[in-house]
Amino acid sequence: MRNTVSRFLEDQKLVRPPLTPGEPVVSVIMPTCRIRPGNTNRRAIESVLAQTFRDFEFIIVDDGSLDGLDKLLARYQEADTRIVLVRHDSNSGLPAVRVNEAILMARGKYLAYMFEDDEWQPDALEKLLDTIGIGRGECAVYGAVDMTLHRPGRPDERSLLGAWDFNYGILKNGNKIANCAVVYPRAVHNACGLYDPHILI
């Protein structure tokens, strides 16, 4: 029987600028599949490119967009060679597949994530990496996220996700950490494997 995940990789088109010597400290990964309302894609991309910490590669995986997103991403790459573009003609509908794909090609010692409706403060990466630096050995770090929930017909709800004293027991009962606020060593995946791409996960 054919591997069902591998078929989503068959149409991969990789556009990587010439590699610079050495490896970047961080690989920032962003799966995307369409231009979102309010140009949030642009906001997300530009917030990564505007980071005060600059030693990173930015892997953007286009999961079969049909609305001109690929051309928008190409323009960003022309302006900033830290961007690595991965293009698929077919949409997988499985964001974890595209995240795993980017993890496998990442060169950075650490991984960080951006999503098409998120935005970083300019010093986000710098602060997260500084926190790793003062730790005892390799660790994962996370920051707080100012989250606004928009729902039709209801007032916006704002909350601060991640602003809590870490408690593993609480974390097992429900996620309290935003993906876009996490930095951790890429080597974690050597021990734990990749994300489960099953649609229910």
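Me: Where does Asn39 lie?
Reply: Asn39 lies in the loop between E2 and H1. Keep in mind that this is a predicted model.

Me: And what is phi of Asn39 near?
Reply: Near 55°. That is a positive value in a residue other than glycine.

Me: Buried or partly exposed?
Reply: Asn39 counts as partly exposed, because its relative accessibility is 44%.

Me: On to the sheet. How many strands, and in what order?
Reply: Seven strands, in the order E1-E4-E3-E2-E5-E9-E6. The sheet is open, with mixed pairing.

Me: Which are the edge strands?
Reply: Strand E1 (13-15) and strand E6 (141-142). Each of them pairs on one side only.

Me: What does H1 touch?
Reply: Helix H1, residues 40-49, packs on the sheet and touches strands E2, E3 and E4. The direction of H1 makes about 160° with that of E3.

Me: And H3? Which strands does it lie across?
Reply: Helix H3, residues 95-105, lies across E1, E2, E3, E4, E5 and E9. H3 runs at about 145° to E3.

Me: How do E5 and E9 pair, parallel or antiparallel?
Reply: Antiparallel, over three bridges. E5 covers residues 110-113 and E9 covers residues 182-185. Ala112 stands opposite Val183 in E9.

Me: Switching to aromatics. How many aromatic pairs?
Reply: The structure holds three. One of them is Tyr113 with Phe115, stacked at 6.5 Å centre to centre, with 15° between the planes. Tyr113 and Tyr184 also form a stacked pair, at 6.1 Å and 25°.

Me: What does the Tyr113 and Tyr184 pair tie together?
Reply: Parts that are 71 residues apart in sequence, because Tyr113 lies in strand E5 and Tyr184 in strand E9. Tyr113 is buried, with a relative accessible area of 3%. Tyr184 counts as buried at 8%.

Me: Which residues form the aromatic cluster?
Reply: Tyr113, Phe115, Tyr184 and Tyr195 form one cluster.

Me: What about the largest nonpolar core? How many residues?
Reply: That core has 47 residues. Val28, Phe58, Trp120 and Val183 have the most contacts inside it.

Me: What does Trp120 touch?
Reply: Leaving out residues up to four places away in sequence, its contacts include Val28, Ala112, Tyr113 and Cys180.

Me: Last one, Ile132. Where is it?
Reply: Ile132 is in helix H4, residues 124-133. Ile132 counts as buried because its relative accessibility is 6%. Beyond its neighbours within four places in sequence, Ile132 is in contact with Tyr110, Cys139, Val141 and Val183.

Key: Residues numbered from 1 in each chain as written. Predicted model: local features only at pLDDT ≥ 70, side-chain atom pairs only at ≥ 80, totals over all residues. Heavy atoms only, no water. Core = buried A, V, L, I, M, F, W, Y, C linked by side-chain atoms within 4.5 Å. Buried < 20%, exposed > 50% of the residue type's maximum accessible area, 1.4 Å probe, protein only. Contact = heavy atoms within 4.5 Å. Helix = DSSP H or I, 4+ residues; strand = E, 2+ residues; numbered from the N terminus. Pairing = 2+ DSSP bridges. Axes fitted to C-alpha atoms, helices over the stretch in contact; angles between N-to-C directions. Phe/Tyr/Trp six-rings, centres within 6.5 Å; stacked < 30°, edge-to-face > 60°.
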